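Work through the exercises below with the sequence and the model side by side. Each exercise sets a task and is followed by a solution in steps.

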Amino acid sequence: MKYLNDVLVMKRMGSRLTFNKVWKAVFLLATSFALLSLIVLLFRIFSQGIGYLNIDFLTNFASRIPAKAGIKAALIGSLWLMAVVAPVSIILGVSTAIYLEEYAKKNKINDFIRMNIANLAGVPSIVFGLLGLTIFVRMMDLGKSILAAGFTMSLLILPVIIVAAQEAIRAVPNEQREASYGMGATKWQTIVRVVLPAAIPGILTGSILALSRAIGETAPLVVIGIPVILQFLPTGLLDSFTALPMQIFDWAKRPQEEFQYVAAAGIVVLMTVLVLMNSIAVIIRNKFQKRY
Amino acid sequence: MSQSVQSMIAASRNKKSKKIIEKLVPVALFLAAALSVLTTFGIIFTLIFETFEFFTRISITDYIFGKEWLPFSGKEPLYGVLPLILGTFKVTMIAVLVAVPFGLGAAIYLSEYASDKARRIIKPILEVLAGVPTIVYGFFALTFVTPLLQEIIPALKIFNALSPGIVVGIMILPMIVSMSEDAMSSVPNSLREGALGLGSTKFEVAVKVVLPAALSGIIASIVLAVSRAIGETMIVSLAGGSTPTFDFGFTNSIQTMTAYIVQVSTGDAGYGTTIYYSIYAVGFTLFIFTLAMNLLAQYISKRFREEY
């Protein structure tokens with residue numbers, strides 16, 4: 001016996017089913033728009049930049065002549081910047097996350113700290129630049145140095161690291177803490193020897209992703225006013241420096257068409273650094289992340 | 001063994017160094033946590049302090065209601081912030097018009113139609129799109145999107161509102177997709193099954209059941225994306241231009257609040273000049289806009305959340 005009459009169903013639902021199909025195609029199209037724009041963007045920049053990319057480009061200093069322009073000072077400068085941002089932001093971020101997850105009682109002060117971190121994450125990066133300009137460059141008199149820019153960037157990515165570390169610490173099951181207490185360990189011993197080792201892959205992955213945001217961030221550096229044409233490498237944390245996005249910004253602004261290709265080559269270098277950092281993050285996530 | 005276990009435990013408990021560490025560590029960690037609060041205060045005090053200095057030179061009503069922003073005209077500089085706000089507003093509007101339809105479409109596709117396999121491929125690609133630095137988007141807008149649009153709209157200037165608007169839209173797209181998709185995925189399957197059991201098509205389930213149930217999350221994602229678009233700096237600096245005007249066209253050069261701060265920072269306005277203080281006033285204005293958006297997003301997702 002047949003309960004459903006296909007012809008009748010089609011007659012009644014036909015238009016609705018076609019409607020469903022049409023909209024599915026529309027939604028798929030919307031998704032492809034995002035993917036397509038990424039492909040176009042990458043293809044465009046690589047095809048523009050690849051011609052200018054060679055060893056000379058990596059080892060030359062900036063120049064007013066496009067053919068001689070290189071990215072050495074910016075690349076090394078970005079590495080110096082990371083040497084400040086990574087320790088400062090990770091130590092502060094992980095400490096905050098440990099406090100919030102392991103120590104903080106539910107009271108108004110701690111609720112305020114949590115709310116504050118959520119709001120800090122939404123502050124535009126250029127406003128952090130203004131903070132850095134006033135506090136680090138002028139009040140603390142660090143000048144337009146690696147340290148001033150590094151502190152500013154650290155504060156900028158701090159909320160991202162805190163949230164990532166909080167999630168990693170929260171994912172460590174309570175049984176492990178209880179087992180540690182049961183063996184007579186104190187709270188701090190439990191945190192250092194049980195919780196943190198279990199949470200480190202998650203913390204590292206989140207931190208690397210946050211650092212890769214810092215390495216591509218331009219606006220705070222512009223506001224702090226770091227220079228772009230440098231003919232020397234920094235030798236200490238109080239030296240002036242330039243960074244990859246800053247250098248790219250300067251090239252992109254120049255009216256000569258040739259500098260556009262130089263800028264594209266600079267972007268290829270920046271994107272390569274980002275891809276490297278992200279691959280490390282993915283490898284750590286896949287290899288060391290435990291599921292409980 | 002000469003010592004009993006109990007006495008060993010007692011001895012270990014009484015170790016002074018251990019006790020001190022246990023007491024000091026929470027304090028040290030609290031200080032680290034307090035630093036994030038200090039950052040917020042730092043931002044607010046910096047902005048208020050320097051903005052106050054600005055308002056001792058320029059009247060506050062001239063700033064808020066002034067329709068001309070000409071800080072560099074030597075004789076009689078004018079500081080009316082409305083053209084900058086309008087520039088930001090135009091770019092944000094165009095960005096929203098691009099990002100919301102495409103973002104919602106993609107979110108519905110990913111949450112309601114796509115297979116697990118497709119989702120596993122598409123979502124990381126969107127994450128890559130979200131990780132592209134804004135300076136790269138800015139370069140893309142200036143050297144690719146603008147010339148492309150000029151083919152279609154010949155009246156379009158090299159610097160305009162349309163091209164950075166579209167590219168800012170592409171930039172905030174992944175944010176809307178991933179947050180809206182999260183909101184839709186957390187709608188319980190029993191609701192979908194109920195609707196499907198009554199004879200709904202997938203489209204009807206998506207639009208009449210899932211979308212309303214996830215609405216608070218979706219709207220919050222859009223509001224947050226708007227906040228990001230308002231604060232976006234490099235795309236508008238590179239492709240938007242530096243001519244603040246008070247009109248509603250989108251083919252001419254504009255200037256946003258963020259782009260003005262960049263223009264002054266890259267120029268040679270010295271410390272202590274009115275122009276120097278004006279970037280703090282503009283930054284403060286920008287901060288108020290984004291803060292309002294962020295608080296609104298938090299309010300929406302808290303107040304209107306449907307719990308299942």
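## Exercise 1: a helix pair across two chains

The crossing of α10(A) and α6(B) is left-handed, where left-handed means that the near helix is turned anticlockwise from the far one by less than a right angle, and right-handed that it is turned clockwise. This is a predicted model, in which local features need pLDDT of at least 70 and side-chain atom pairs count only at pLDDT 80 or more, while totals for chains, interfaces and linings use all residues. Residues are numbered from 1 along each chain as its sequence is written, and chains are lettered from A and ligands numbered from 1 in the order in which they are written.

Task: describe how α10(A) and α6(B) pack, and which residues make the contact.

Solution. Begin with the two helices, which are residues 244-253 of chain A and residues 134-152 of chain B; helices are DSSP runs (H or I, at least four residues), numbered from the N terminus. Their axes lie 10 Å apart and form an angle of about 15 degrees, with axes fitted as lines to C-alpha atoms over the stretch in contact and angles running from 0 to 180 degrees between N-to-C directions. The pair is therefore roughly parallel, a term for angles under 35 degrees, whereas those over 145 count as roughly antiparallel, 65 to 115 as roughly perpendicular and the rest as oblique.

Next, list the contact, which joins A:Pro245, A:Ile248, A:Phe249 and A:Ala252 of α10(A) to B:Ile135, B:Gly138, B:Phe139 and B:Leu142 of α6(B); residues are in contact if their C-beta atoms, placed from the backbone, lie within 7 Å. By class, this contact has seven nonpolar, one polar and no charged residues, where Ala, Val, Leu, Ile, Met, Phe, Trp, Tyr, Cys and Pro count as nonpolar, Asp, Glu, Lys and Arg as charged, and the others, Gly among them, as polar.

## Exercise 2: the wider chain contact

Task: find which helix of chain A gives the most to the side that touches chain B.

Solution. The contact takes 66 residues from chain A and 69 residues from chain B. On the side of chain A, helix α1 (residues 6-49) gives the most, with 19 residues. That side has 42 nonpolar, 18 polar and six charged residues.

## Exercise 3: two single residues

Task: state whether A:Asp141 and A:Lys108 are buried or exposed.

Solution. A:Asp141 sits in the loop between α5 (125-139) and α6 (146-170) of chain A, and it has a positive phi of about 60 degrees although it is not a glycine. With 9 other C-beta atoms within 10 Å, A:Asp141 is exposed. A:Lys108 belongs to helix α4 (residues 108-120) of chain A and is exposed as well, with 7 other C-beta atoms within 10 Å. From A:Lys108 to A:Pro66 there are 42 residues in sequence and 57 Å in space, C-alpha to C-alpha.

Key
Two residues are in contact if their C-beta atoms, placed from the backbone, lie within 7 Å. A residue is buried if 20 or more other C-beta atoms lie within 10 Å of its own, exposed if 12 or fewer, and partly exposed in between; C-beta atoms are placed from the backbone.
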